[in-house]
Amino acid sequence: MPDKEETITLIGAGLNGPLLALGLVKRGFQVELYERRPDLRRVRTSAGRSINLALSTRGIHALSQAGLWNDLRRIAIPMKGRMMHSSASDLTFQPYGKDDVEVIYSISRAELNTALINAAEAHGLKIHFQQRCTGIDLKAASLTLHDERTGGEKRLDSSIVIGCDGSASAIRSEMSQMSRFNFSQQYLNYGYKELTIPATQDGKHVLEMNALHIWPRGNFMLIALPNVDGTFASILFLPFDGPDSFAQLPGPAEVRGFFQSRFPDAAALMPELADNFFKNI
Ligand SMILES: Cc1cc2nc3c(=O)[nH]c(=O)nc-3n(C[C@H](O)[C@H](O)[C@H](O)COP(=O)(O)OP(=O)(O)OC[C@H]3O[C@@H](n4cnc5c(N)ncnc54)[C@H](O)[C@@H]3O)c2cc1C
């Protein structure tokens, strides 16, 4: 076990960083966390978008252990199964469990991330935002941090560093230079686009709210998860190139045409489709 006098350094305040920090600070460790983005509680960043996560038993277990699930379940919408939308707009419901108790939940990524950060800070975590880790000297046990506001660089000595910096981890990249370090990475030929299905004027869901909606179309698909404000957070997963791909959708007319032919019932519920498509990443 590390010495409790020694500060543990975490890199990344996404979902894992603050959760891990919370577990450590609750056990009496001193923890400091460095995050490259601004604080999502103050600045709207791509991490603070209203896209949702599907949360299942594993995530719920972690949040229960962290003492957060009872509060978070108030903003989580149970999804009892998949609602499959065919090309002819026929619906088929596929339950997730043997009864309505076996469900997964739709939860806002931004609110979940905020709750984790708040809880970890309340227990003593120190977070330094807009500090990007640009390298780690594993032999000297020192990190290089780039201040995204001033452009300055500094070194930070820390003998315990945990990389929670996501799929393009700077820490893992540095570790992969070590001898006999096994590592493999694959890139998909798919991208995604976040879209919104708005609520009715009185804030109601326009589709069944207790379901994860899926429009499966072979090598691409659209999904939609319910939000508590009556909207659905929708994501289009599509190849970058090829017949049905992002490359075929250069302008609003192509986007609307594509949705009307591939997802007609969803297209009818997305008045801001083209606008969303070109504004969102
Ligand atoms: C489109 C999409 C849909 C998904 N849907 C689901 C879902 O429904 N359910 C689910 O369970 N999972 C889902 N996932 C997966 C989920 O998002 C990841 O498993 C989760 O975010 C991983 O958490 P993390 O903390 O490891 O990384 P991240 O959440 O990516 O956080 C990494 C953090 O590190 C910071 N960072 C990165 N590099 C540096 C650096 N050099 N210095 C400092 N900070 C840095 C980033 O800014 C970020 O805040 C989805 C992923 C995608 C892309």
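P18 touches G12, A13, L33, N113, L116, I117 and A120, where residues up to four places away in sequence are not counted and contact means heavy atoms within 4.5 Å. The model behind these values is predicted, so that local features need pLDDT of at least 70 and side-chain atom pairs count only at pLDDT 80 or more, whereas totals for chains, interfaces and linings use all residues. Residues are numbered from 1 along each chain as its sequence is written, and side-chain values use heavy atoms, with hydrogens and water left out.

P18 lies in helix α1, which covers residues 16-26 (helices are DSSP runs of H or I with at least four residues, strands are runs of E with at least two, and both are numbered from the N terminus). With a relative accessible area of 0%, P18 is buried, a term that stands for under 20% relative accessible area with a 1.4 Å probe, protein chains only. Between P18 and A119, 101 residues apart in sequence, the C-alpha to C-alpha distance is 8.3 Å.

The protein chain contains eight helices and 16 strands, and its C-alpha atoms fill a box of roughly 60 × 40 × 35 Å along the principal axes.

| Feature of the protein chain | Share |
|---|---|
| Buried residues, of the 281 residues | 43% |
| Contacts between residues 24 or more positions apart, of the contacts with a separation of 6 or more | 61% |

Definitions and conventions
Buried < 20%, exposed > 50% of the residue type's maximum accessible area, 1.4 Å probe, protein only.
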